[in-house]
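Hello,

Here is the structure I promised to hand over. Please look through it before reading my notes.

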Amino acid sequence: MTTATAQRRAEFRRKVEARQGLLVPGAFNALSARVIEDAGFEALYLTGAGVTNMSLGLPDLAFVGLAEMAEHTARVRDAVSLPIVVDADTGFGNALNVRHAVRVLERSGADAIQFEDQVLPKKCGHFNGKAVIGAGEMVGKIRAALDAREDGNLQIIARTDAAALDGIEAAIERGHRFIEAGADILFIEATETLSDIERLPALFERPQLINIVIGGKTPTQSQPRLAELGYGIVLYANAALQSAVLGMQKALGALRDSGRLDEDPSLVAPFAERQRLVNKPFYDALDKQYAAD
């Protein structure tokens, strides 16, 4: 582990533990991660739903595995210097699989790894028809994750989907068990009422992540308000994805209807901006540096 990696993880932990509503967008590939970093955000989330949607054209129903998420993590790590939170779904199996997932994703460049208590194969947290494993089994997964990490500042995020199945009180009970097991951050998915959003941060000794799914079940609140309530992370996992889809639909619709598409900044990023985001000037300089004498 490099000094830069250690410093990045330690600083990210401090920011989360400050409970000031760190705003974290989701990336679905290396270029979307670049856009997030370029926009000035302080961390990003590698979304399993986003990788599934954008790489496979499939819904978030456990179609991607550890190898794919590790490959995407490594690509994003090469592209940006931001802390990366990696969505590891259920850990891709039992506690032994979770242990292996942590080892692989930590080496790939993750700074925090999220696991959930759904039954495999999982579903998007804002879909119906989910099921959860026993709380005791999830506790075992958390313990395996903590034992597997090499860097104590690699944060383990424990997510529960129990609220949609058994009610918010059951999710709160699980949350306490997950924190007692050592989880660094708690994530109660699909909180459906404003009153629950407002009371949850005060119930736990560890920071919480709140997931704002655009069009999903959780009422949207502003980042300042969520920071005031004491959330550690405010996640917009698929804002970049949904805006990218809309952008493609608008530009391609214009091309279809008119038969041409000019460098219209209301429809497409300019050619020069595209090259800036992929750091072409840097590679031009390298090309000159290594050119034959």
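Below is what was found, from the whole chain down to single residues.

This is a predicted model: local features need pLDDT of at least 70, side-chain atom pairs count only at pLDDT 80 or more, and totals for chains, interfaces and linings use all residues. Residues are numbered from 1 along each chain as its sequence is written, and side-chain values use heavy atoms, with hydrogens and water left out.

Overall picture

The protein has 13 helices and 8 strands. These are DSSP runs, numbered from the N terminus: helices are H or I with at least four residues, strands are E with at least two. The C-alpha trace spans about 60 × 50 × 35 Å along its principal axes.

Of the 293 residues, 48% are buried. Buried means under 20% relative accessible area, exposed over 50%, and partly exposed in between (1.4 Å probe, protein chains only). The accessible surface is about 13700 Å², with 53% belonging to carbon and sulfur atoms. Areas come from the Shrake-Rupley method with a 1.4 Å probe; for residues, only the protein chains shown count as cover.

Contact means heavy atoms within 4.5 Å. Among contacts with a separation of 6 or more, 68% are between residues 24 or more positions apart.

Helix residues

R8 sits in helix α1 (residues 3–17). R8 has a relative accessible area of 15%, so it counts as buried. Beyond its neighbours within four places in sequence, R8 contacts R77, S81, L82, P83, G109 and D111. R8 and I84 are 76 residues apart along the chain, yet their C-alpha atoms are separated by 9.9 Å.

E68 belongs to helix α4 (residues 66–79). E68 is partly exposed, at 31% relative accessible area. A polar atom of its side chain lies 2.8 Å from the backbone nitrogen of G65. E68 also touches L56 and F63, residues up to four places away in sequence not being counted.

A strand residue

Q114 is in strand β4 (residues 112–116). Its relative accessibility is 0%, so Q114 is buried. Its side chain makes a polar contact with the side chain of Y45, at 2.7 Å. A polar contact is a pair of N or O atoms within 3.5 Å; within protein, one must be able to donate a hydrogen and the other to accept it, and residues adjacent in sequence count only if both atoms are side-chain atoms. Q114 also contacts D89, one of several partners that include V86, I157 and F187.

Backbone points to check

Most residues other than glycine have a negative phi, and most peptide bonds are trans. D89 is not a glycine, but has a positive phi of about 50 degrees. D89 lies in the loop between β3 (84–87) and α5 (95–108), and is buried at 4% relative accessibility. R19 has a positive phi too, near 55 degrees. R19 is in the loop between α1 and β1 (22–27), and is partly exposed at 22%.

L120 and P121 are joined by a cis peptide bond, with omega about 0 degrees. P121 is in the loop between β4 and α6 (135–148).

Best wishes
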